Amino acid sequence: MKFFVDTADTQAISDLNDLGMVDGVTTNPSLILKSGRNILEVTKEICGIVDGPVSAEVVALEAEAMIAEGRKLAEIAPNITVKLPLTWDGLKACKVLSGEGKMVNVTLCFSANQALLAAKAGASFISPFIGRLDDIHLDGMELIQDIRTIYDNFDFQTEILAASIRSVNHVQDAALIGADVITAPPEVIKKLATHPLTDKGLEQFMSDWAKTGQNIL
Ligand code: E4P
């Protein structure tokens, strides 16, 4: 399973990338706002840090304007993935941009039927938002399972990019279902390494080691 980092914080991306934990990056207008930086500049910097796909989102709502923005974003670097919203205009733009050989990530997906349309329009990635479905008491993970089944039934090559990941359980469940990619904030990825029994065990080992009076170096 691939790990994308859901942030425009270049320091956080760099830190995780040094550990080999970053297969790609996703950004969106809210994350660009949070970074306080210019979208073209910060995206270019991210593309220089990470080898894998870096999603940069268009902000136009009409297909022709989305296509123009997508082409401009794709000029930033070869690893740009143009991120388009799952609207009818977004699907039109997806068809055109994917036809030009650009990677496209169709975002804001909340139903299996939407995911089916994105695959037919040539999307490289579909981004179902798990956390936002959970927020309104629906089952985000059920959506990932449904999309997995549909894509496998018809051998669609579009990768399932489980997005809006808020917890370590989301990561584990998405992995068990067989999502191709998760995108999560840096804090969630770091939390995957933690377990209370690891902390407790280490504390015991350190305490016993101190009693031996020995040193390794
Ligand atoms: C995905 O591409 C989105 O940027 C992101 O996962 C949204 O997450 P949120 O619902 O926590 O804002």
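In this predicted model, Ala63, Met66, Ile67, Gly70 and Arg71 of helix H4 meet Asp89, Gly90, Lys92, Ala93, Val96 and Leu97 of helix H5. By class, this contact of H4 with H5 comprises six nonpolar, two polar and three charged residues. The points below describe this helix pair, two further pairs that share helix H8, the residue Ile150 in H8, and the surroundings of the ligand.

**Helices H4 and H5**

- Helix H4 covers residues 63-74 and helix H5 covers residues 88-99.
- The two helices pack at an angle of about 45 degrees, and their axes are 8 Å apart.
- The crossing in which H4 passes H5 is right-handed.

**Helices H6 and H8**

- Helix H6 (residues 112-120) packs against helix H8 (residues 140-154) at an angle of about 40 degrees, with 9 Å between their axes.
- H6 and H8 are therefore oblique to each other.
- Their crossing is right-handed.
- On the H6 side, the contact is formed by Ala112, Ala115, Leu116 and Ala119; on the H8 side, these meet Leu143, Asp146, Ile147, Ile150 and Tyr151.
- Sorted by class, the contact of H6 with H8 has eight nonpolar residues, no polar residues and one charged residue.

**Ile150 within helix H8**

- Ile150 is located in helix H8 and is among the H8 residues that meet H6.
- When neighbours within four places in sequence are left aside, Ile150 is in contact with Ala112, Leu116 and Phe156.
- Of these partners, Ala112 and Leu116 are among the H6 residues that meet H8.
- Ile150 and Asn113 are separated by 37 residues in sequence, while their C-alpha atoms are 9.3 Å apart in space.

**Helices H8 and H9**

- H8 also packs with helix H9 (residues 168-177), at an angle of about 20 degrees and with the axes 10 Å apart.
- That angle makes H8 roughly parallel to H9, since angles under 35 degrees count as roughly parallel.
- H8 passes H9 in a right-handed crossing.
- Met141, Ile144, Gln145 and Arg148 of H8 meet His170, Asp173, Ala174 and Ile177 of H9.
- The residues of this contact of H8 with H9 divide into four nonpolar, two polar and two charged.

**Surroundings of the ligand**

- The residues surrounding the ligand are Asp6, Thr26, Asn28, Lys83, Phe129, Arg132, Ala163, Ser164 and Arg166.
- For Asp6, a polar side-chain atom lies 2.8 Å from an oxygen atom of the ligand.
- For Asn28, the distance from a polar side-chain atom to an oxygen atom of the ligand is 2.7 Å.
- Ser164 likewise has a polar side-chain atom 2.7 Å from an oxygen atom of the ligand.

Note on methods
Residues are numbered from 1 along each chain as its sequence is written. This is a predicted model: local features need pLDDT of at least 70, side-chain atom pairs count only at pLDDT 80 or more; totals for chains, interfaces and linings use all residues. Side-chain values use heavy atoms; hydrogens and water are left out. Axes are lines fitted to C-alpha atoms, for helices over the stretch in contact, and angles run from 0 to 180 degrees between N-to-C directions. Helices (H or I, at least four residues) and strands (E, at least two) are DSSP runs, numbered from the N terminus. Angles under 35 degrees count as roughly parallel, over 145 as roughly antiparallel, 65 to 115 as roughly perpendicular and the rest as oblique. A crossing is left-handed if the near helix is turned anticlockwise from the far one by less than a right angle, and right-handed if clockwise. Contact means heavy atoms within 4.5 Å. Ala, Val, Leu, Ile, Met, Phe, Trp, Tyr, Cys and Pro count as nonpolar, Asp, Glu, Lys and Arg as charged, and the others, Gly among them, as polar. A residue is near a molecule or strand if one of its heavy atoms lies within 4 Å of it. A polar contact is a pair of N or O atoms within 3.5 Å; within protein, one must be able to donate a hydrogen and the other to accept it, and residues adjacent in sequence count only if both atoms are side-chain atoms.
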